Amino acid sequence: MVSVKAKKLAPTDGMLSRHPAAPAASGWADAARASARDRLAAVGAPQRRDEYWSFTNPARLVSDQPMAAKPLAAQDTPVFGETDALVLTFVDGVFDPAQSDDLAGEGLEIQTLSDALGTDIHWAKDLFGVLEEKGQTPVPRELAMLNTATATQGFVVRATQPVTRPVRFDYIQTSDTSDAVIRSLVKVDAGATLTLLESGTVAARCNTVMEVDIADGGELHHVRVQGRAHDRQVFTAMFARLGRESVYKSFTLAMNGVLSRNEQVVEFTGDDATAHVAGTCVGQGDFHHDDTVFVTHDAVNCESRQVFKKVLKSGATGVFQGKILVKKGAQKTDGYQISQGLLLDDEVNFLAKPELEIYADDVICSHGSTSGGLDATGLFYLLSRGVPREAATNMLVIAFMDEAVQEIADEKLADEMRTHIAGWLDRHSAG
Amino acid sequence: MLEIKNLHVKLEEEDKVILKGVDLTVEAGKVHAIMGPNGSGKSTLSYVLAGRDGYEVTDGSASLLGADILDMEPEERAAEGLFLAFQYPVEIPGVGNMTFLRTAVNAQRKARGEAELTAGEFLKVVREKAKSLKIDAEMLKRPVNVGFSGGEKKRNEILQMAMLEPKMCILDETDSGLDVDAMKLVSDGVNALRDEGRAFLVITHYQRLLDHIKPDVVHIMADGRIVKTGGPELAMEVEQNGYADILAEVA
Ligand SMILES: Nc1ncnc2c1ncn2[C@@H]1O[C@H](COP(=O)(O)OP(=O)(O)OP(=O)(O)O)[C@@H](O)[C@H]1O
Ligand SMILES: [Mg+2]
């Protein structure tokens with residue numbers, strides 16, 4: 001029986017009118033977009049009273065106008081500056097070939113989304129809107145539907161072998177009313193590997209969705225830094241499907257941000273695979289940062305880890321909704337989830353909703369959520385060495401965030417994150 | 001150097017009195033040892049001197065080189081020349097040992113109105129001092145104490161002490177968890193710092209350490225007080241007979 005819960009649908013016209021229908025592409029792409037449009041109309045816009053949005057008000061993500069957000073000047077030391085990469089630059093959410101490398105690399109096939117959707121790439125056809133639609137159960141992800149229906153920007157990237165040079169998306173915001181929708185498809189072939197980096201504030205408001213398909217033995221390493229412009233409104237969703245013995249590691253760092261909702265929807269379809277999703281953020285005042293994660297184990301002997309660490313100061317809110325679903329037959333599952341809030345004063349909120357749903361009997365799943373202040377013993381230790389209180393506090397913040405940073409497999413990238421965090425903390429406590 | 005008078009300390013959160021009138025004077029250039037049964041208040045004394053939160057001084061005083069330290073912040077006490085080698089050194093993930101050390105050294109220099117060390121100067125000094133403690137470059141780069149063995153942590157404490165060049169060094173059970181070779185290494189590190197202008201207060205349970213770091217004075221602490229003071233022979237007595245005789249004698 002289908003149970004119908006009476007719900008007054010919130011209109012989606014505002015959301016859709018903001019992003020006009022994409023120009024006609026191939027039949028299959030048009031069909032996927034039309035389906036997303038219909039699905040969105042059927043569920044309506046997300047509302048605060050939806051259970052999945054009870055901690056984060058989606059109003060600013062669905063309004064017909066984004067709230068204005070001032071762009072920040074470029075940073076002196078660019079993020080990921082230490083790592084040679086194939087750089088693809090977006091300005092206000094629009095690909096800018098003039099500031100980008102050629103769409104070619106050893107072991108890589110790259111096309112713009114609009115090129116790819118106009119042709120008949122069979123793997124893109126099997127991915128575009130497919131993982132997104134699958135990820136709509138058991139909870140709707142309306143903004144991801146909107147993305148499928150309207151995105152014209154983004155890339156379709158395929159790794160056909162181990163790729164040593166990372167692909168990097170650089171986002172530059174110049175307009176304080178920009179409203180970006182970006183969709184990328186990533187396919188990692190059997191035995192191939194790819195590192196995907198993202199950095200910068202995309203736009204005043206952005207809706208960025210990625211569908212990721214990792215074939216048997218493939219690896220995707222994703223490291224993302226979400227910019228510093230405080231008033232930005234961010235929605236992102238990563239949908240990942242993992243084949244046998246594949247690896248998916250995704251890390252997100254955020255500093256500042258009045259509204260960020262980062263969703264991760266991960267599904268194990270092949271045995272012996274690994275997925276680590278991690279994130280850490282630091283913010284104050286009206287900072288609001290939401291990580292919403294759903295990991296489905298539908299294969300044997302897979303390992304999933306969720307590690308989220310939020311540093312909150314003077315009024316900031318951190319949200320974590322994380323679920324591990326272990327389906328019948330997904331034996332030997334090893335599922336782990338930790339979410340922690342470091343509360344630097346009494347005015348902050350850390351809201352966590354960890355969930356386990358397990359239908360197999362031979363599994364290890366654990367989850368934990370804690371919140372508290374600075375470690376008193378650590379603070380005393382540092383002060384007793386003469387480290388000034390502010391620097392000592394920063395060191396303990398770094399130590400707290402590091403558990404998430406450690407989830408990055410590449411030591412050099414992890415160190416770049418550490419340097420970036422330390423630099424930010426230095427500037428902020430000084431200023 | 002260090003002058004403690006009639007120090008009474010209770011826990012801030014509960015009505016538990018831990019130090020019940022400690023009197024202790026350590027002169028410049030000397031090494032004093034404190035021994036005493038578990039729970040007698042040795043670590044508490046070191047924490048109160050270094051400025052840890054959670055304790056309330058209800059009576060008495062403590063001064064370092066004539067300056068009252070009990071009202072100072074821990075970082076101010078450090079800049080005044082106080083150093084505590086922890087019984088359990090703390091791990092700080094994500095913060096490199098070198099970064100931490102350099103921040104500490106330069107903050108103290110700055111607080112004293114001295115010029116800060118440049119990266120190059122600092123590196124030269126730290127490498128040299130680390131070498132004598134058999135701390136290699138890799139350990140210096142690692143996050144503070146993370147993944148260090150018990151002995152490595154204690155050696156790292158001594159390295160910090162050597163870098164900070166404090167006037168008054170308090171060592172809380174620095175010998176615990178050390179193998180024979182590490183004990184020698186650590187003791188050599190301490191002895192190298194012995195100087196006319198510097199004093200040590202060494203908290204230990206065992207004579208072993210005092211074979212290497214020869215104390216001038218040995219104190220016995222029991223139930224929150226110094227109950228007996230003597231020369232190195234007092235430590236021998238404890239080693240052989242335990243505390244029973246001493247405690248009976250002073251009771
Ligand atoms: N923060 C605290 N909360 C509760 N009790 C405390 C606290 N700090 C110290 N104490 C108590 O005070 C007493 C003295 O402790 P302290 O650690 O100073 O002893 P110690 O002489 O260093 O012992 P050990 O030789 O075992 O290291 C003990 O009974 C201890 O349990
Ligand atoms: Mg002790």
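**Figure 1. Lining of the second largest cavity in the predicted model.** In this predicted model, the residues that line the second largest cavity divide into 8 nonpolar, 3 polar and 3 charged. The space in this second largest cavity comes to about 90 Å³. Its lining is made up of 14 residues, and those that lie nearest its centre are A:His19, A:Leu61, A:Leu146, A:Arg205 and A:Asn207. Two or more lining residues each are given by helix 1 (13–18), helix 7, strand 7 (179–188) and strand 9 of chain A.

Figure 2. The structure holds 5 cavities of 30 Å³ or more, and the largest cavity has about 100 Å³ of space. Of the 15 residues that line the largest cavity, A:Gly200, A:Val202, A:Cys206, A:Gln226 and A:Thr236 lie nearest its centre. The elements that contribute two or more residues to this lining are strand 8 (193–199), strand 9 (205–214), strand 10 (219–225) and strand 11 (233–242) of chain A. Sorted by class, the lining of the largest cavity has 6 nonpolar, 6 polar and 3 charged residues.

**Figure 3. The largest pocket, with lining residues from chains A and B.** About 990 Å³ of space lies in the largest pocket, and among its 34 lining residues the closest to the centre are A:Ile398, A:Ala422, B:Val95, B:Gly96 and B:Thr99. Elements of both chains give two or more residues to the lining, namely helix 9 (389–405) and helix 10 (411–430) of chain A together with strand 7 (92–96), helix 3 (97–111) and helix 5 of chain B. Helix 10 of chain A provides the largest share of this lining, with 9 residues. In the lining of the largest pocket, 12 residues are nonpolar, 11 are polar and 11 are charged.

**Figure 4. The salt bridge between A:Glu263 and A:Arg141.** The side chains of A:Glu263 and A:Arg141 meet in a salt bridge, with an N to O distance of 2.8 Å. Because A:Glu263 lies in strand 13 (residues 259–268) of chain A and A:Arg141 lies in the loop between helix 6 (130–134) and helix 7 (142–150) of chain A, the pair ties together parts that are 122 residues apart in sequence. Both A:Glu263 and A:Arg141 are buried.

Figure 5. B:Glu114 forms a salt bridge with B:Arg112, in which the closest N and O atoms are 3.1 Å apart. B:Glu114 is partly exposed, at a relative accessible area of 35%, and B:Arg112 also counts as partly exposed, at 34% relative accessibility. In a further salt bridge of chain B, the side chains of B:Glu152 and B:Arg142 meet at 3.9 Å, N to O. Here B:Glu152 belongs to helix 6 (residues 150–164) of chain B and B:Arg142 to the loop between helix 5 (137–141) and strand 8 (143–144) of chain B, so the pair ties together parts that are 10 residues apart in sequence. B:Arg142 is partly exposed, with a relative accessible area of 21%. In chain A, salt bridges that share partners join A:Arg141, A:Arg261, A:Glu263 and A:Asp290 into one network. Over all chains, the count comes to 41 salt bridges.

**Figure 6. Helix 9 of chain B and its buried face.** The buried residues of helix 9 (residues 233–241) of chain B are B:Leu234, B:Ala235 and B:Val238. Seen down the helix axis, these buried residues fall within an arc of 100 degrees, so they line one face of helix 9 of chain B. On the other side of this helix, B:Glu233 and B:Gln240 are exposed. The buried residues pack against strand 3 (31–35), helix 8 (207–212), strand 11 (217–222), strand 12 (225–230) and helix 10 (244–250) of chain B. Just after helix 9 of chain B, B:Gly242 takes a positive phi of about 70 degrees.

**Figure 7. Backbone features in loops of chain A.** Most residues other than glycine have a negative phi, and most peptide bonds are trans. A:Thr137 and A:Pro138 are joined by a cis peptide bond, with omega about 0 degrees, and A:Pro138 is placed in the loop between helix 6 and helix 7 of chain A. A:Asn301, although not a glycine, has a positive phi of about 60 degrees; this residue lies in the loop between strand 15 (288–297) and strand 16 (303–313) of chain A and is partly exposed, with a relative accessible area of 40%. A:Ser314, also not a glycine, has a positive phi of about 30 degrees. A:Ser314 is found in the loop between strand 16 and strand 17 (317–326) of chain A, where its relative accessible area of 31% makes it partly exposed.

Notes. Residues are numbered from 1 along each chain as its sequence is written. Chains are lettered from A and ligands numbered from 1 in the order in which they are written. This is a predicted model: local features need pLDDT of at least 70, side-chain atom pairs count only at pLDDT 80 or more; totals for chains, interfaces and linings use all residues. Side-chain values use heavy atoms; hydrogens and water are left out. Buried means under 20% relative accessible area, exposed over 50%, partly exposed in between (1.4 Å probe, protein chains only). Helices (H or I, at least four residues) and strands (E, at least two) are DSSP runs, numbered from the N terminus. The arc is that of the directions from the helix axis to the C-beta atoms. Contact means heavy atoms within 4.5 Å. A salt bridge is a side-chain nitrogen of Lys or Arg within 4 Å of a carboxyl oxygen of Asp or Glu. On a 1 Å grid over the protein atoms alone, a cavity is a set of points where a 1.4 Å probe fits but cannot get out, and a pocket is an open set with protein on both sides within 12 Å along at least five of seven lines; lining residues have an atom within 4 Å of a point. Grid points are joined across faces, edges and corners, and a volume is the space filled by probe spheres set on the points. Ala, Val, Leu, Ile, Met, Phe, Trp, Tyr, Cys and Pro count as nonpolar, Asp, Glu, Lys and Arg as charged, and the others, Gly among them, as polar.
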